Amino acid sequence: MSSSYIPAPRFVSLHHLCRCTVPVLYVVLLFGAVTGQVHALTKPSDERRVSASRLGDSDSLDKEALTPGPADAEIPGIFVGLVTGESGDVQEDLQALRSRWHPGMVPMALESLRFSRHGGVSAGLVELLEDKTGQRFGRDLDSWYVWLWKREEQAHPHYADFKSMLYRNLDPLFAGYFSNERKSTIRLDEVRWGGVRQDGIPPLRSPLMIDASDADYLDDDNVVFGIEINGDARAYPKRILAWHEMFTDTIGGIDYAGVYCTLCGAVILYETVHKGVHHELGTSGFLYRSNKVMYDKATQSLWNTTWGQPVSGPLVGKGIQLERSYVVTTTWGEWRRRHPDTTVLSLDTGHRRDYREGAAYEDYFATDRLMFTVAHRDDRLRNKAEILALQFPDKTDKRLAISADFLSENPVYHHELGGQGLVVLTDGSGANRVYDPGNVTLVEYDGQESVTDDQGRVWRLSEDALQLAGQPPLVRLPAHRAFWFGWVAVWNDTELVM
């Protein structure tokens, strides 16, 4: 989305700001309010919608949250009071912020500006920001954030408490995400509200699966995310998962969470049991560098979806790294051909959505524009150009992105990442499967089940390995498709093959 400034409407109610359970919106309407670029999109109502007046109703604020304390501790309450209307004297409070300014107050001012519906407060916050920083971005939040994120972090000692105090007015559960006592391994000013409450985009938990022969709602060219674990083949159609962004399921006897970040185009499959502990993951409602942020129900820790690690909360520093498994993005026709006994998601999800192919996120996928700005972009590829993303954190800290277009032209592609050899096989549907070749050099793939090596031997392709009688299997490696911008925003130093 363009960062050029157009004067904003004075007030946009929160029911227009929430994407709730509808991925099409995310916060397009919110950013339209900030930049004047409102898109004509529609969405159904949902029981998780945030109240229209929540942040503007002084009675809704937790009064104890504003109890005066040491000078620094008062700052969050002053900002939140300006947003909610609790401020007894706007000019006096703005002057207090001015006189007690700390560089770490910039993100507080920006988040307050995002929600302010009072013209005097908004104007005062812009004036404060411009005077204290020397920047002239007005109400253009995108430009403010890009400038902020390119600077070394100067966190205010009570910034986490500010986020807790502000966002609890949108969903009381948000209060548990942020606290000065909670450890964090990422910059909290890069954790931005995505427009929904906790699980406002409802995950599919142990969803109903049906036989392939009963899936008459699917056409052969519909996109599915295919998984086979221990002989248990399942298809999760994009047209359904785009409305839910996550499923939790037991596949082949193993508990998994499949996380679909629609904004960054990535589906990642994680085992949810780590060292005997099951982590029940959900949608936090927040984003990090335009990537979905998860939470776990037991501790309300926030988890980075791309890393598979807790990044804020009680689980930080516990050595938790969820095991990543493989998933293939392909077509229903191709997946069903390979796996005639597959099961597939039923339309009976327990939710009413428009599950037609392409209905969710239609406008977003149709352009190269972003809904949320990121600090780092790389113009070697278009923002939403698809790449195959690879990382092997147990072996190397290096990351790799390979252009999907490049792989389509090179159906057998060998590479090495931090000492880990890999070979990518790409079939006619564009589906990529990655295997550990060991010391075998593969040279030809028929796009179906046969892969020939440089000695003329023919290996049989399956989802979990390449097999040849008398030879150790070449095991499958985890990989997923993603949009270029989302991957490089998180991994600025990624290697790119294009």
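This is a predicted model: local features need pLDDT of at least 70, side-chain atom pairs count only at pLDDT 80 or more; totals for chains, interfaces and linings use all residues.

Trainee: OK, so how many residues does helix α5 have, and what does it reach from its first C-alpha to its last?

Mentor: Helix α5 covers residues 119-133, which is 15 residues, and it reaches 21 Å from first to last C-alpha, close to the 21 Å expected.

Trainee: Which residues in α5 are buried?

Mentor: Val121, Ser122, Gly124, Leu125, Val126, Leu128, Leu129, Glu130 and Thr133.

Trainee: Switching to sheets. What's the strand order in the open sheet of 3 strands?

Mentor: The order is β20-β21-β22, and the pairing is antiparallel. β20 (412-417) and β22 (432-435) stand at the edges with a single partner strand each, so one side of each has no neighbour in the sheet. From one strand to the next, the twist averages 25°.

Trainee: How many bridges are there between β21 and β22?

Mentor: Strand β21, residues 420-426, pairs with β22 over 4 bridges, in the antiparallel sense.

Trainee: Charges next. How many salt bridges does a search of the whole structure find?

Mentor: It finds 24 salt bridges. One of them joins the side chains of arginine 289 and glutamate 190, at 2.8 Å from N to O. That pair links distant parts of the chain, 99 residues apart: arginine 289 is in the loop between β11 (281-288) and β12 (291-296), and glutamate 190 is in the loop between α7 (159-167) and β1 (191-193).

Trainee: Is glutamate 190 buried or exposed?

Mentor: Glutamate 190 counts as buried because its relative accessibility is 6%, and the cut-off for buried is under 20%. Arginine 289, at 22%, counts as partly exposed.

Trainee: Which residue does aspartate 378 meet in a salt bridge?

Mentor: Arginine 380, again with 2.8 Å from N to O. Aspartate 378 is buried at 15% relative accessibility, while arginine 380 is partly exposed at 42%.

Trainee: What about arginine 481, where's its partner?

Mentor: The side chain of arginine 481 meets that of glutamate 386 at 3.1 Å, N to O. Arginine 481 is in strand β28 (residues 480-483) and glutamate 386 is in strand β18 (residues 386-391), so the pair ties together parts that are 95 residues apart in sequence. Arginine 481 is buried, with a relative accessible area of 15%, and glutamate 386 is partly exposed at 35%.

Trainee: Which residues are linked in a network of salt bridges?

Mentor: Glu334, Arg337, Arg338, Asp427, Arg433, Glu449, Glu463 and Arg476.

Trainee: Rings, then. How many aromatic pairs does the structure hold?

Mentor: It holds 25 aromatic pairs. Take phenylalanine 174 and phenylalanine 286: their ring centres are 4.8 Å apart and their planes sit at 70°, so the pair is edge-to-face. Phenylalanine 174 is in the loop between α7 and β1, and phenylalanine 286 is in strand β11, so this pair ties together parts 112 residues apart in sequence. Both phenylalanine 174 and phenylalanine 286 are buried.

Trainee: And how are the rings of tyrosine 288 and tryptophan 307 arranged?

Mentor: Their centres are 6.1 Å apart with planes at 65°, so that pair is edge-to-face. Tyrosine 288 lies in strand β11 and tryptophan 307 in the loop between β13 (302-304) and β14 (309-312), 19 residues apart. Both tyrosine 288 and tryptophan 307 are buried.

Trainee: Which residues form one aromatic cluster?

Mentor: Phe115, Tyr167, Phe174, Tyr177, Phe178, Trp193, Phe286 and Tyr295.

Trainee: Last topic: which strand is cysteine 261 found in?

Mentor: Cysteine 261 is in strand β7, residues 254-261, and it is buried, with a relative accessible area of 3%.

Trainee: What is cysteine 261 in contact with, leaving aside its neighbours within four places in sequence?

Mentor: Ala266, Ser290, Asn291 and Lys292. As for glutamate 245, which is 16 residues away along the chain, its C-alpha is separated from that of cysteine 261 by 6.1 Å.

Technical notes
Residues are numbered from 1 along each chain as its sequence is written. Side-chain values use heavy atoms; hydrogens and water are left out. Two strands pair if DSSP finds at least two bridges between them. Helices (H or I, at least four residues) and strands (E, at least two) are DSSP runs, numbered from the N terminus. Axes are lines fitted to C-alpha atoms, for helices over the stretch in contact, and angles run from 0 to 180 degrees between N-to-C directions. A salt bridge is a side-chain nitrogen of Lys or Arg within 4 Å of a carboxyl oxygen of Asp or Glu. Buried means under 20% relative accessible area, exposed over 50%, partly exposed in between (1.4 Å probe, protein chains only). The expected span of a helix is 1.5 Å times one less than its number of residues. Contact means heavy atoms within 4.5 Å. Rings of Phe, Tyr and Trp (its six-membered ring) pair if their centres lie within 6.5 Å; planes under 30 degrees apart count as stacked, over 60 as edge-to-face and the rest as tilted.
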